[in-house]
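Here is a colleague's note, meant for someone who is opening this entry for the first time. Please keep the sequence and the model side by side while reading the numbered points.

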Amino acid sequence: MTIQAGRMAARAAALAGLGAAAVVFAQATVAPGPNKLKFPEGWNQGVLYATVDRPDTKQYREFYTSPEAVLAARAGKPIPHGTVITLAAYAAKLDAEGKPVKDANGRFVKDKLVAVNSMLKGEGLGADIPEAIRNGDWIYQSFTPDGQVNDKANLTACYQCHLPFAKDDYLTNLAKLAGRFPSQAQAAPAGGANEVAVSGFAFGPGTLKITAGQKVTWVNADDTPHQISVVGSSQRSELMLKGQSASLQFDAAGNIAYICGLHPTMKGSIEVAAKP
């Protein structure tokens with residue numbers, strides 16, 4: 001057996017062990033490259049409804065959309081077709097030690113624009129997307145700062161990230177758009193038994209030890225939503241806004257890796273010991 005054939009056989013065996021549903025999900029991909037979402041000229045002339053500092057990627061991000069989308073969200077109505085939501089990602093300005101420079105309000109100072117990522121809602125646009133990861137009528141695209149399609153963008157990850165938020169019209173930051181995100185909320189200090197603080201786009205402690213059958217509680221102190229997603233599993237927590245918490249129970253012994261379902265660069269682990 002050649003090395004390539006061996007790898008193919010191992011992959012097939014792994015997929016078989018995950019079951020038919022996992023195989024379908026593994027095959028549900030969206031190819032990078034041009035699609036029906038064209039570069040949104042004048043994207044920065046829309047409503048700036050949210051900004052986020054990303055310590056994990058050393059970026060400053062801005063979110064723009066149309067006045068009609070903002071009005072609909074704040075009235076509790078569906079986001080209208082034709083809506084484009086754009087995330088502008090800027091590199092944060094760094095000091096001599098490579099740390100993000102902060103302004104008088106403690107926010108990152110933006111430097112160069114590095115990416116323009118957009119999502120478009122249109123009647124029937126989702127028809128071309130594999131059903132397993134389809135986000136209703138939304139499609140996604142990533143552009144370089146000069147407006148060219150990013151042919152290396154992982155568009156599949158966009159669909160997978162937004163998929164659990166069908167009840168929020170597939171928007172991970174609907175609370176920001178609707179003007180009801182609790183930015184002034186104060187998170188209770190995590191420090192109790194089996195608690196993890198979510199702060200500065202990091203988990204603390206990064207590794208937690210528990211006994212099978214116990215719950216872990218995460219407390220969000222960031223001015224952005226987070227969600228716990230167990231790697232290699234469908235197990236996810238509820239969405240946590242600032243000041244909110246979420247819990248998951250782990251019944252089987254083993255080492256559990258998890259990430260933030262909205263920000264995959266955030267990683268943590270749980271060491272689950274068998275019951276004595």
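Predicted model: local features only at pLDDT ≥ 70, side-chain atom pairs only at ≥ 80, totals over all residues.

1. With β7, by contrast, β6 runs antiparallel and is joined by three bridges, and here the bridge partner of Ala-197 is Gly-204. The hairpin formed by β6 and β7 has two residues between its strands, and Gly-200 in this hairpin takes a positive phi near 60°.

2. The backbone around these strands deserves a careful look. Most residues other than glycine have a negative phi, and most peptide bonds are trans. Against that background, the peptide bond between Gly-204 and Pro-205 is cis, with omega about 5°, and Pro-205 itself lies in the loop between β7 (202-204) and β8 (207-211). Asn-194, in the loop between α5 and β6 (195-199), has a positive phi of about 60° although it is not a glycine, and with a relative accessibility of 19% it counts as buried. Tyr-170 also has a positive phi, about 65°, without being a glycine; it is found in the loop between α4 (155-162) and α5 (174-177), and its relative accessible area of 16% makes it buried.

3. Which residues touch the most other members of the largest nonpolar core? In this core of 65 residues they are Phe-203, Trp-218, Phe-250 and Ile-270. Strand β3, residues 84-92, gives the most to the core, with six residues. As general background, nonpolar side chains in soluble globular proteins tend to be buried together.

4. The charged pairs come next, and the model has eight salt bridges in total. One of them joins the side chains of Lys-36 and Asp-128, at 3.4 Å from N to O. Because Lys-36 lies in the loop between α2 (20-27) and β1 (47-54), and Asp-128 in the loop between β4 (110-121) and β5 (138-143), this pair ties together parts that are 92 residues apart in sequence. Both Lys-36 and Asp-128 are exposed.

5. Another salt bridge is formed by the side chains of Glu-62 and Lys-110, at 3.0 Å from N to O. This pair links distant parts of the chain, with Glu-62 in strand β2 (residues 59-65) and Lys-110 in strand β4, 48 residues apart. Are the two partners buried or exposed? Glu-62 is buried, with a relative accessible area of 3%, whereas Lys-110 is partly exposed, at 38%.

6. A further salt bridge is found between the side chains of Lys-176 and Asp-223, at 3.6 Å from N to O. Here too distant parts of the chain are linked, since Lys-176 belongs to helix α5 and Asp-223 to the loop between β9 and β10 (228-230), 47 residues apart. Lys-176 is buried, with a relative accessible area of 11%, while Asp-223 is partly exposed, with a value of 31%.

7. Ser-142 is found in β5 and is buried, with a relative accessible area of 9%. Its side chain is joined to that of Asn-117 by a polar contact of 2.6 Å.

Key
Residues numbered from 1 in each chain as written. Heavy atoms only, no water. Helix = DSSP H or I, 4+ residues; strand = E, 2+ residues; numbered from the N terminus. Buried < 20%, exposed > 50% of the residue type's maximum accessible area, 1.4 Å probe, protein only. Pairing = 2+ DSSP bridges. Core = buried A, V, L, I, M, F, W, Y, C linked by side-chain atoms within 4.5 Å. Salt bridge = Lys/Arg side-chain N within 4 Å of Asp/Glu carboxyl O. Polar contact = N/O pair within 3.5 Å; in protein donor to acceptor, adjacent residues only side chain to side chain.
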